[in-house]
Amino acid sequence: MTATRYGAVAWRDTCGDDCAARPALAADTTVDVAILGGGFSGLWTAYWLLRADPALHVLVVEREFCGFGASGRNGGWCSPRYPVFVDDLAARFGADAARATIRAQSAMVDEIGTICAEEGIDAHYTPGGLLSVARTERQWAALHATYASYARLGLADDTCLIDADAARARIAVRGVLGGMVTTTGASLHPLRLVRGLARAVEARGGRIVEGTAVTRVRPGQPALLETTGGTVTARRAVVLAGEAYLSALPGWQRQLLPISSMIVATAPLDAATWAQIGWQGHESLSSGAYTKDYLTRTRDGRILFGSRGAPYLPGSRTPDAALADPALYQPIIAALHDWFPVLRDVPVSHGWGGYLGVPRDGMPTVHFDRTSGIGGAFGYTGRGVATAALAGRALAGLIAEARAFIPDLPMLRAPGPRWEIEPLRWIGVRYIQNAFARIDAADFRDGSVPFDAAFAKALAPI
Ligand SMILES: Cc1cc2nc3c(=O)[nH]c(=O)nc-3n(C[C@H](O)[C@H](O)[C@H](O)COP(=O)(O)OP(=O)(O)OC[C@H]3O[C@@H](n4cnc5c(N)ncnc54)[C@H](O)[C@@H]3O)c2cc1C
């Protein structure tokens, strides 16, 4: 059987280019807007800036290559689900703000498909919606509660609950008790989208340098980025779009918690195996496990199975090497086989992970402070494909003063509270990671609930 390539991102094999880095910055330069990070946040901000004002000089500074980070590694869910649950949004900001947020996120799912078509980006955009399945009584009760929350706010027009037979008729997952279908939502090839967006930014006159690390951010009039290739002076704005990796920048270590998520990919399945599994609708598939199972059917016929990742590292470090240990992936492969026993003899070709940024209060942030010249978009907690596009457009609107791009949403705010100092941060996060794994294990074992489940949930920001 083919050996699994641990630490290798399957998307890179099919992204349509070799991800070779563009030339690095070689001299000091002055631009209107300098953007740290060539992922979705940075590239969408650049794209919308250039749509708002084609005369702007926009420079994206990327340490590796566009799509190196979470944007080029994720599960490909272009989801209408916002990083913050709708009930929490309503409790914190009111029902109208919750409705406006979910509607804006849903509209962005469609808009990404439209832009891919307009810009000629073949990102394998497939509007198959979502299917969330329940595999325990607790998960089934949770799906009912989720549906009720959306319905209460008048947001369930595209959503319905289905019984076990109807769920199995869509996708033959073992042990399903029922499911929830949402017709809004798409799956896509995230790295193709990043690479295509980068080309679209360049086609509109933006400049991208790769292999260039930002070493320091200097607020002021003008704000500056110090980089390994020279100093970038930004007449109008510096944008911080490094998400989980921002924790390595001086002054930013406690703003976002870098948490990893990991994915395994099967080899492409043959027609007979697909016939047994179904999944003709290409839904983005998940369960209600606390450890967050998310599954995708790719255009080249693989199944991706993603789940929560490796233990949090003290000091908010984000080394790729920590995500290449084969042992980390064995529970995910076991879960894949538990969901689909028919896959036991199918090779798992890839296993990889990436880092996403979790804000202390769970809320994404889009901000621009004209006085310091610093702006940013980050904090999507694993739901960044559609949210980063929304955030990038809002941020471009704030910088370019394009009112039509600026939504009246709670994501527009100054950066939120900071995480605890170490080692408190490490102790708390490791406790929550362990507790969530124990909650799932007990749920599957006998439906019991660990004594500290409520405490662990209350402690977690999402
Ligand atoms: C395994 C995994 C699965 C996920 N699945 C999904 C999913 O299915 N659906 C969904 O909606 N979301 C998902 N997410 C979350 C989503 O991918 C992220 O929220 C989103 O991609 C964040 O985009 P970004 O541009 O803000 O950050 P990133 O994509 O991480 O980009 C940041 C970029 O900044 C660069 N950078 C960092 N520091 C510097 C520096 N000092 N100098 C220069 N450049 C720098 C990095 O190299 C990187 O390219 C997943 C995340 C992971 C890790």
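## Backbone with positive phi

In which loop does His124 lie? His124 lies between helix H3 (95–119) and strand E5 (130–134). Helices (H or I, at least four residues) and strands (E, at least two) are DSSP runs, numbered from the N terminus. Phi of His124 is near 55°, positive although the residue is not glycine. His124 is partly exposed, with 19 other C-beta atoms within 10 Å. The cut-offs: 20 or more such atoms make a residue buried, 12 or fewer exposed, and in between partly exposed, with C-beta atoms placed from the backbone.

Thr381 is another non-glycine residue with positive phi, near 45°. The loop between strand E19 (374–378) and H9 holds Thr381. Thr381 is buried, with 21 C-beta neighbours inside 10 Å.

## Model and numbering

This is a predicted model: local features need pLDDT of at least 70, side-chain atom pairs count only at pLDDT 80 or more, and totals for chains, interfaces and linings use all residues. Residue numbers start from 1 along each chain as its sequence is written.

## Cis peptide bonds

The bond from Gln221 to Pro222 is cis, with omega near 5°. Pro222 sits in the loop between strand E10 (214–218) and strand E11 (223–227).

The bond from Glu422 to Pro423 is also cis, with omega near 5°. Pro423 belongs to the loop between H9 and helix H10 (424–446).
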